[in-house]
Amino acid sequence: MKPITPTQDTSKTSSPAKVILVGNPNVGKSVIFNYLTGTYRIVSNYPGTTVEVSSGKAKGGDSSYTILDTPGVNNLIPNSEDEKVTRDILMSENNYSVIHVLDAKNLRRGLLIALQLIEMELPLVLVLNMMDEAKSRGIAVNLKVIREIFGLPVVSAVATRKKGLEQLIPTLKDSPRSTFSFKYSEPIEAGIACLIPLLPPAPISKRSLALMLLAGDESLRAWLEERLDSQELARIETHCSQYQRNFQEPLSYRINVERLEKIDQLLIPIQTKQANSVQGWGRRLGEWSTHRVWGFLGMLAVLFISYEIIGVLGAGISVDFLGKTVFGGYINPFLTGMVKGIIPFPLIQDLLVGPYGIFTMALTYALALILPIVGFFFLIFGFLEDSGYLPRLAVMSNRVFKIMGLNGKAVLPMILGLGCDTMATMTTRILESRKDKIIVTLLLALGIPCSAQLAVIFGMLAGFPAWIFIAWALIIFGVILLVGFLAGKLIPGENTSFILELPPLRWPQMKNILIKTLSRIEWYLQEAVPLFILGTLILFVLDKTGVMTSLGKWFRPLVVHWLGLPVESTSSFIIGFLRRDYGAAGFFSLAQKGLLTHNQVLVALVTITLFVPCIANFFVIIKERGWKMALVIVGVVVVIALLVGGMVNWVLKVWA
Amino acid sequence: MNSNNEHPTKDYGDHPGHRWHGGRLARTQEESIDELLELIWTLREKGVTDIHSLLQNTSDPEARAVLNHMMREGLFEMDGDILRFKEKGEALAEGIVRRHRLTERLLMELFEMSEEEAEKEACKLEHILSPAVTDSVCSFLGHPPVCPHGKPIPQGGCCKKLTREMKPLIHPLNDLALGQEGRVVFISTRVKGRLEPLGSFGVIPGVVIQLKQRHPSFIIQIGETSIALDESIGREIFVKPV
């Protein structure tokens with residue numbers, strides 16, 4: 001056993017030891033995390049990302065641990081934001097040990113990560129999860145050989161049934177560093193040897209750091225800049241580019257190939273396969289789910305069920321109940337009575353409970369209308385996410401996105417946009433190129449109605465003939481396709497390629513979905529409620545000062561003549577600048593008062609759906625894409641919205 | 001190194017790569033020059049360029065004399081102890097390394113020869129392959145970027161044109177029948193950032209993949225992993241059906 005160093009000593013007495021969970025996607029990390037930490041946990045976005053990282057506490061005997069769950073990785077030389085976050089966690093924490101979870105039936109990919117963790121010289125425990133699935137597929141794994149090769153504790157587990165996990169905590173007590181090491185081909189080893197003396201100290205070994213740098217890992221730059229002066233940095237960069245010049249393939253790929261070749265060698269005594277692989281229902285369903293016919297029907301079914309839950313149960317029944325009964329029947333009359341009783345000034349009464357009041361408009365709106373819809377949306381989204389269905393949607397829609405110079409991966413932010421465009425704009429980071437990000441950001445801002453806006457639109461359309469709904473949907477879809485196509489042609493840059501893993505379909509763990517949904521709702525409320533209040537205040541001021549009426553006069557020609565809408569709808573467009581659904585809600589109330597004809601309903605809905613993104617979304621666009629691009633996007637969106645709205649108006653006029 | 005003294009092939013003079021000497025040199029010397037050029041090249045890949053290391057690494061007892069001759073012929077120049085190719089020498093060495101590594105690849109991957117055998121044959125063939133044959137082999141193999149040991153193969157004119165006129169034993173993944181398996185022989189892509197994600201999923205030369213689906217996207221299976229990809233990527237993954 002290695003001697004106990006003073007740092008380890010203090011970490012044991014003062015604060016609980018840190019343990020980081022690492023593994024490929026879909027290997028059961030979260031289940032193991034839940035087992036170790038129980039119910040209490042903190043789910044937070046990793047700084048500056050939408051990547052969720054959970055942490056919690058575990059107790060074992062006389063010691064306690066802080067457990068950190070990281071996003072799934074395929075490689076620790078990052079190709080994606082998730083991988084970068086996990087790698088950054090390993091680089092920024094100190095004095096921790098790692099639990100590496102491997103899928104027993106997919107050892108090759110698991111060991112690719114294990115090899116890198118071993119290279120980092122971290123204290124390590126291997127958990128071979130899903131031993132039952134491996135067995136049913138005719139894959140036998142020899143744990144003893146793995147222990148011998150790597151000199152590490154290996155736990156065999158079936159996490160969903162809690163099998164084997166009880167061994168995990170005791171092994172954490174003194175998890176060793178592996179004794180295993182292996183050599184790369186000469187040119188790579190030479191590169192490592194040259195780099196090592198130039199590197200600053202890190203929580204991971206210099207050898208592993210050197211390999212990341214040789215692999216051309218750009219994302220390490222910031223980390224190095226904090227620790228080295230520009231001269232040292234320049235020397236490292238010259239070295240790396242010199243070594244890359246010896247190879248036509250990217251060095252990262254070369255390194256990866258050599259690792260995998262080593263693993264294939266190691267696997268010979270570790271793993272034996274029999275041919276009798278069983279076709280489980282999950283696998284068969286997985287194959288159907290991407291079939292050109294069954295997959296398409298399945299997709300329609302999924303969309304229909306989602307609509308039934310979000311649209312009918314959420315936007316219909318729940319909103320009705322909360323809005324009319326709870327807020328309309330009890331809370332608002334009670335608050336109105338109280339405010340009017342306590343505060344004698346009519347202006348402040350109006351500010352709180354008037355038509356543009358903070359309670360009666362902003363909070364009622366946020367809690368009674370948005371909350372149920374967004375809540376149900378996130379619930380469904382979490383279910384689709386955890387069941388492994390979302391990547392299938394990407395497969396089914398890849399061709400459509402190709403028309404727009406994108407690939408199937410873009411479907412993920414687009415679907416999320418149906419929940420919240422602001423959040424979706426942040427997730428455009430999963431896309432690879434700047435071009436993809438710009439196109440998706442533009443399309444989100446332009447044509448994807450968020451769940452709040454959708455709810456208002458559905459509510460409004462309920463009272464009108466079906467052709468309006470169909471026309472609306474076709475026009476919006478057509479505009480998205482056309483604008484996407486043009487943007488794909490006009491924005492410079494290569495089209496990116498589509499490579500996506502299809503995880504096995506499985507029934508998700510409900511607890512996990514609930515926790516995710518709650519943390520997302522929390523995020524949403526924190527983000528939205530202050531904006532609702534701000535928006536309501538602005539409206540209140542515009543209304544009281546009479547600016548609303550004069551704005552109405554200025555925009556009258558555009559609204560009345562070009563779009564053919566009643567002059568009262570001007571305020572809907574103005575508040576549309578604050579929130580998409582606010583704008584739609586303005587038209588909703590006009591429609592309810594019977595002030596709109598069928599044609600006007602269609603024009604109004606098309607225009608307001610395409611109209612500017614909400615303020616929160618606008619801020620996120622600025623953050624992600626910069627001021628200039630954000631203004632360009634909003635400008636393009638306003639022009640297209642008014643153009644299309646006007647065209648619909650004139651076509652309908654000529655028709656009639 | 002000169003184990004092939006008695007090799008029956010005679011047409012060295014036809015080799016355009018050797019035009020510079022006007023056919024005056026003896027065959028053995030010509031080959032020693034080739035060997036030294038190759039050695040200088042491979043040492044340079046490891047970052048070693050001084051003459052002492054070169055002399056230590058060669059088994060040719062005449063190395064000094066041959067090197068002197070080569071310098072007179074303008075193949076390289078000396079800068080202190082550092083040896084630097086001149087244009088002519090660089091081109092010659094590149095050609096030899098290219099022929100050697102392509103041959104290795106052909107022999108090991110297609111003819112499934114052992115590493116030793118392949119190495120031995122490659123040492124002989126590197127001196128005699130004509131540029132046309134070399135380019136054909138290269139096209140046939142689909143312009144592989146590295147030799148079986150992972151060392152880079154210098155590109156030839158054919159690589160830039162990406163010709164594929166030969167009827168190959170290996171073909172793109174897309175040509176597999178549904179459900180058929182193929183062993184990846186190499187991946188030939190010019191698109192930046194495409195190899196890395198494939199590699200992370202374990203798609204590298206040597207693995208067996210199965211084509212599961214063509215529409216609406218290509219889906220391949222490797223071990224227990226399913227991956228969806230564009231048709232255009234499938235065209236760049238060359239497999240030998242198993």
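The model is a predicted one.

Start with chain B. Its domain assignment gives domain 1 (1–167) and domain 2 (171–241). Four residues of domain 1 of chain B are in contact with four residues of domain 2. On the domain 1 side, one of these residues is nonpolar, two are polar and one is charged.

Now turn to the two chains. Here 38 residues of chain A are in contact with 35 residues of chain B. Several elements of chain A give two or more residues to this side, among them helix H4 (107–119), helix H12 (251–270) and strand E10 (499–502). H12(A) supplies the largest share, seven residues. By class, the chain A side has 13 nonpolar, 14 polar and eleven charged residues.

E10(A) and strand E7 (residues 225–229) of chain B run antiparallel, over four bridges. Ile499(A) has Leu229(B) as its bridge partner in E7(B).

From E7(B), follow the pairing into chain B. Five bridges join E7(B) to E6(B), again in the antiparallel sense. Ile227(B) in E7(B) stands opposite Ile220(B). The hairpin of these strands, E6(B) and E7(B), has two residues between them, and Gly223(B) takes a positive phi near 60° there.

Strand E5 (residues 208–213) of chain B is antiparallel to E6(B), with three bridges. Ile220(B) in E6(B) faces Leu211(B) in this pairing. A hairpin of four residues connects E5(B) to E6(B).

Why is E6(B) largely enclosed by the rest of the structure? Four of its five residues, 218–222, are buried, so the strand is largely enclosed.

Methods: Residues are numbered from 1 along each chain as its sequence is written. Chains are lettered from A and ligands numbered from 1 in the order in which they are written. This is a predicted model: local features need pLDDT of at least 70, side-chain atom pairs count only at pLDDT 80 or more; totals for chains, interfaces and linings use all residues. Domain bounds come from an automatic or database domain assignment. Two residues are in contact if their C-beta atoms, placed from the backbone, lie within 7 Å. Ala, Val, Leu, Ile, Met, Phe, Trp, Tyr, Cys and Pro count as nonpolar, Asp, Glu, Lys and Arg as charged, and the others, Gly among them, as polar. Two strands pair if DSSP finds at least two bridges between them. A residue is buried if 20 or more other C-beta atoms lie within 10 Å of its own, exposed if 12 or fewer, and partly exposed in between; C-beta atoms are placed from the backbone.
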